[in-house]
Amino acid sequence: MPSTPAPAPVTVIGLGPMGRAMAGAYLDRGHPVTVWNRTPSRADGLVGRGARLAATVEEALTASEVVVLSLTDHDAMYAVLERADPAALAGRVVVNLGSDTPERTREAAAWLAERGAVQLTGGVLTPPGGIGDPGSTTLYSGPREVFDAHRVTLEVLTAADHRGEDPGTAALLYQLNMTLFWTALTAYWQALALAGAHGLKAADILPLATGALDLSQFLDFYSPRVDAGDHTGDVDRLAMGAASVAHVLHTNADAGVDTTLPAALLEIFERGVAAGHGGDSSSSLVEVLSATSGR
Ligand code: NDP
């Protein structure tokens, strides 16, 4: 009978809500866990559950082949890793789950490679409560053979989906996800501010908000059209959208609510109309936004 390999030692560096959930998931599954955090007291609960708190970054790095980084961004990564002798990174598989741009993530992979470590980039698509749940997903990119060799360990956290060799790919997909997430969630905060100005609680508009933010039928409809460059205004016209957004702006202004967000929307819609898209679908804004990218 083949024996099941013992759970691999894992180091988790960065003990914000996400890193704590990750270290906890490894402890739950019987992995020897070493942790390090700039603010050591955040490790207290984990140490109580059996984690070892490393006294130095160097000690944390050398404790395990697999080193999970759960830091705010790559500036934090350099700030932490530069505390250690670079030799401590040699031979490590650094599972870099911190958020940053694809370009900065490629730079991080090269920086680690210069020190003999391999980076697997991960974009975690769940809040800390989803860690340890195989129904949650993390998108990875980096060397396929390294991913395959450590897949069992990665899947303690979430399902693991390898999306390519380029270390920037998972970062790009993560930032695409966050582009959607933060703009949609801020729309919700705006609606709650407007609701509140009229004496409505979040609970009062919960079904309305849930329905409005389920955009799946719109995405299914527009996705093939946008890919085909088809912005026919047979279902919606950008000029109609601009008038509607103006009503949104004025309703918020009348209620004394901050109008930064609706004003920005109206500016984009009006720019599309001025560019001659008034009779096209609002999907033509993809062209308008692409044309101004990087300005
Ligand atoms: P936090 O920003 O709350 O914590 C991150 C960690 O980074 C902390 O341990 C903090 O240390 C450390 N840190 C930040 N700056 C420095 C620095 N200059 N030097 C040393 N350490 C530093 O993040 P989360 O735990 O919420 O998330 C971690 C990563 O996971 C982020 O990149 C986030 O984008 C991503 N993520 C988070 C999700 C979430 O819902 N929370 C969901 C999906 C991804 P200290 O404790 O000392 O402050």
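**Entry 1: domains**

The structure I am reading is a predicted model, in which local features need pLDDT of at least 70 and side-chain atom pairs count only at pLDDT 80 or more, while totals for chains, interfaces and linings use all residues. I number residues from 1 along each chain as its sequence is written, and the side-chain values I note use heavy atoms, with hydrogens and water left out.

Eight residues from domain 1 and four residues from domain 2 take part in the contact, where contact means heavy atoms within 4.5 Å.

**Entry 2: the area between the domains**

The size of an interface is often given as the accessible area lost when the parts come together. I found about 460 Å² buried between domain 1 and domain 2, with carbon and sulfur atoms giving 71% of it; this buried area is the accessible area (1.4 Å probe) that two parts lose on being put together, summed over both.

Which three residues supply more than any others of the area that domain 1 buries against domain 2? They are Ser99, Leu125 and Leu139, which supply 53% of that area.

By class, I listed four nonpolar, two polar and two charged residues on the side of domain 1 that touches domain 2; here Ala, Val, Leu, Ile, Met, Phe, Trp, Tyr, Cys and Pro count as nonpolar, Asp, Glu, Lys and Arg as charged, and the others, Gly among them, as polar.

Between the domains I counted zero salt bridges, a salt bridge being a side-chain nitrogen of Lys or Arg within 4 Å of a carboxyl oxygen of Asp or Glu. Two residue pairs are in polar contact there, both at pLDDT 80 or more. A polar contact is a pair of N or O atoms within 3.5 Å; within protein, one must be able to donate a hydrogen and the other to accept it, and residues adjacent in sequence count only if both atoms are side-chain atoms.

**Entry 3: the chain as a whole**

I noted twelve helices and eight strands in the chain, where helices (H or I, at least four residues) and strands (E, at least two) are DSSP runs numbered from the N terminus. Of the 295 residues, 40% count as buried, with buried meaning under 20% relative accessible area, exposed over 50%, and partly exposed in between (1.4 Å probe, protein chains only).

Thr62 sits in helix 3 (residues 57–63), and I record it as partly exposed because its relative accessibility is 46%. The side chain of Thr62 reaches the backbone oxygen of Glu58 at 2.9 Å, and a polar atom of that side chain lies 3.3 Å from the backbone oxygen of Glu59. Beyond its neighbours within four places in sequence, Thr62 is in contact with Ala88 and Arg92.

Arg225, in helix 9 (residues 216–227), counts as buried at 17% relative accessibility. With neighbours within four places in sequence left aside, I found Arg225 in contact with Asp230, Thr232 and Asp234.
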